[in-house]
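Student: Could you walk me through how some of the labels for this structure are decided?
Tutor: Gladly, let's take them one at a time.

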Amino acid sequence: MTRVRAAGWLRAGIEAQRGMLLPWVPVWLGAGIGWYFHLMSEPSAAELILAAGAACLLALGGAHGRRGPGILLLAPALACAGLALAGARAHGVAAPVLGFRYYGPIEGRVIAIDRSASQALRLTLDRVVLARMAPGRTPERVRVSLHGPQGYVTPVPGMLVIVTGHLSPPEGPVAPRAYDFRRQAWFDRLGAVGYTRTPLLMLAPPEPGPDLWFGRLRMRLSAQIRAGLPGQAGAFAAAIMTGDRSALNRQTSETLRGANLSHLLAISGLHMVLLCGTVFAALRFGLALIPALALRWPLRKLAAAVALAAGLFYDLLSGRAIPAERAWVMVAVMFGAVLVDRRAISLRSVALAALVVLVTRPESLTEPGFQMSFAATVALVAAFAGLRAWRGWRPPRWSRPAVTVLIASAVAGLATAPFAAAHFNRIADYGLLANLLSVPPMGAAVMPLAVLWAVLAPLGLGGPVLWLMGWPVRWILGVAAWVAGLEGAVTPVPAPPGAVLPLIAAGGLILALWQGRGRLAGLAPLALGLLLWTQVERPALLVAGEGALLGLMTEEGRALSKARGQGFAAKSWLEDDGDRATQDAAARRPGMRRLDGEVALQVAGLRLRQFSGRGGAERAAAACGSADILMLTGPAPERPACLIWDRALMRATGPLAIWVTPDGPRIETVAGTAGRRLWTPPANRLPRLLMPAGMAARARVPTGERMP
């Protein structure tokens, strides 16, 4: 009897979802895409074809299952399709990757301009030419940061430039299982990154024609906005209107991030909806004032078509970044529904937008922009759909706009908080307050004035509009500075285990999409994910920079071996620990014995000594037997009496992590955890033993291991 009831409950639950099948399609497709990125080895072409074939067969079976569990076949069918789709995309964007460190002339065409983490101007080049390198081995795109004396040439998109600089392959993770920039670079066809300290030279001006026309227009409009609205207010206005953030300084960026207002900078759903909504409302109500048009033309559809075109122009002007493109797809679905007399905002329209993004750019599933954008959108649509069906108390009509903003900010903030905390290792405790004070002027003043400026600027009348826009923009920046300066404004959060975000996403999707009481089952994976996050443990020791930087976990936090150098790795380690200390402060923590050119420490019963500087090889050779691990930042001496982890070995393994477990210390390497993927370096054969045999047994490191 129990089995019969369970089967009946399952059948009823499945039948209840039949009308909401479309919103589940991108979920199952995304599960297959996530499956692809989780694999440790790259699927072969035959395996991808097999996955695509399985998807077709399962889809046919699900289509014939008109009732009951037959529809469940669509889930594995879409998962297999997602796996095949992501694999095809990864192979389709394949481009050469630099395999060594290069110094010499770098020639190319400017296609993008932004700023690095150190606020240096950074150029992305295509049509790359490198000295003594065959075209077939030359990266398709490179990115160069401009340091040293510059100013002789002002780069613009389309300009052919040359500079002498350093290039290297895209950097891998700073620790095992950490963020891997190489994957993003692979899908961006970015084959090398580097810097220069010599002046940039122009070989040829931008070519006439449509290629990169929007990029040049973006830079010209950005300069015009900053000229009419000086200071960081103009930089903020240029960022939200054109997508050019190159004039924003680090202090402004950090302030906005600390107040949870950095989403205002990214041209995403908020900007696209505000801009297109302003165009739609202005055109619809403006034309309604003309009786001849109002009586003869479908003004609602006409306004939707013009707003759709305005959104497309905004997307192209911003450089078609993934957040902007995703926002454009969502707006296109919304206004497309208006054109065909459907509900503009629903879970089906959000699902269709997600489906378009996942099919065209499967890699966006792993990016924080995609996760946060759709988490907020799904939560808002589901929450307001529930409020529409609410039959209880309702606030007075005069207060509903304020209540709507409050509910929207709270729901969106709650939905995006886990993803923001996981990716950026911080929670803005007063983010709701900052958004309540900033989003209304953003929608009521900044974006309408931006549309008005776009109309009047070609006539030479944009100056007064920028002056007016400066007031709400300065208000937003002032709110950000005030909120970020409050005591306890930011709470650091450690990086979660890999299973946490999928569990939270699964729980949230069940709560939002499932029909009936069964949606409460989503609380289980949600609670489990949060529980796992609270139990997170960080590695006892981290090693990066080919052995140049050590990070030992102590009672006071992670102690670093040096106060300067390897700054990105040090910053990333501390952030992933949920530690707001600077590298200099972390280097003053006790736990290591630091002498001239030597660092000694003990972790999980293992004694480690690191040698650097002149004479390091000789001192390391003489120290055989005095420690379990001897580490050398340079090349090892010839025929040492013991195993020494030198620069060559560390370059092959990548950064290391030592964990404390009940069975003893466990060592992980980036090479061992990243797997054999298209974006990882070719397999390297390591020395026969990573450690002496006795120590390898203690540390649970397989002997004779081959690391990819």
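The questions below set values against their definitions.

Tutor: This is a predicted model, where local features need pLDDT of at least 70 and side-chain atom pairs count only at pLDDT 80 or more, while totals for chains, interfaces and linings use all residues. Residues are numbered from 1 along each chain as its sequence is written, and side-chain values use heavy atoms, with hydrogens and water left out.

Student: What makes H6 roughly antiparallel to H7?
Tutor: Helix H6 (residues 213-228) and helix H7 (residues 231-242) pack at an angle of about 150 degrees, with axes 8 Å apart. Angles over 145 degrees count as roughly antiparallel (under 35 is roughly parallel, 65 to 115 roughly perpendicular, the rest oblique), so H6 is roughly antiparallel to H7.

Student: Which residues of H6 and H7 make the contact?
Tutor: Contact means heavy atoms within 4.5 Å. H6 contributes Arg218, Leu221, Ser222, Ile225 and Arg226, and H7 contributes Gly234, Ala235, Ala237, Ala238, Met241 and Thr242.

Student: Why is Gln583 called buried?
Tutor: Its relative accessible area is 14%. Buried means under 20% (exposed is over 50%, partly exposed in between, with a 1.4 Å probe and protein chains only), so Gln583 is buried. Of the 708 residues of the chain, 46% count as buried too.

Student: Where is Gln583, and what is it in contact with?
Tutor: Gln583 belongs to helix H21 (residues 583-587). Beyond its neighbours within four places in sequence, its contacts include Leu549, Leu560 and Leu574. A polar atom of the Gln583 side chain also lies 2.9 Å from the backbone oxygen of Gly565.

Definitions and conventions
Axes fitted to C-alpha atoms, helices over the stretch in contact; angles between N-to-C directions. Helix = DSSP H or I, 4+ residues; strand = E, 2+ residues; numbered from the N terminus. Polar contact = N/O pair within 3.5 Å; in protein donor to acceptor, adjacent residues only side chain to side chain.
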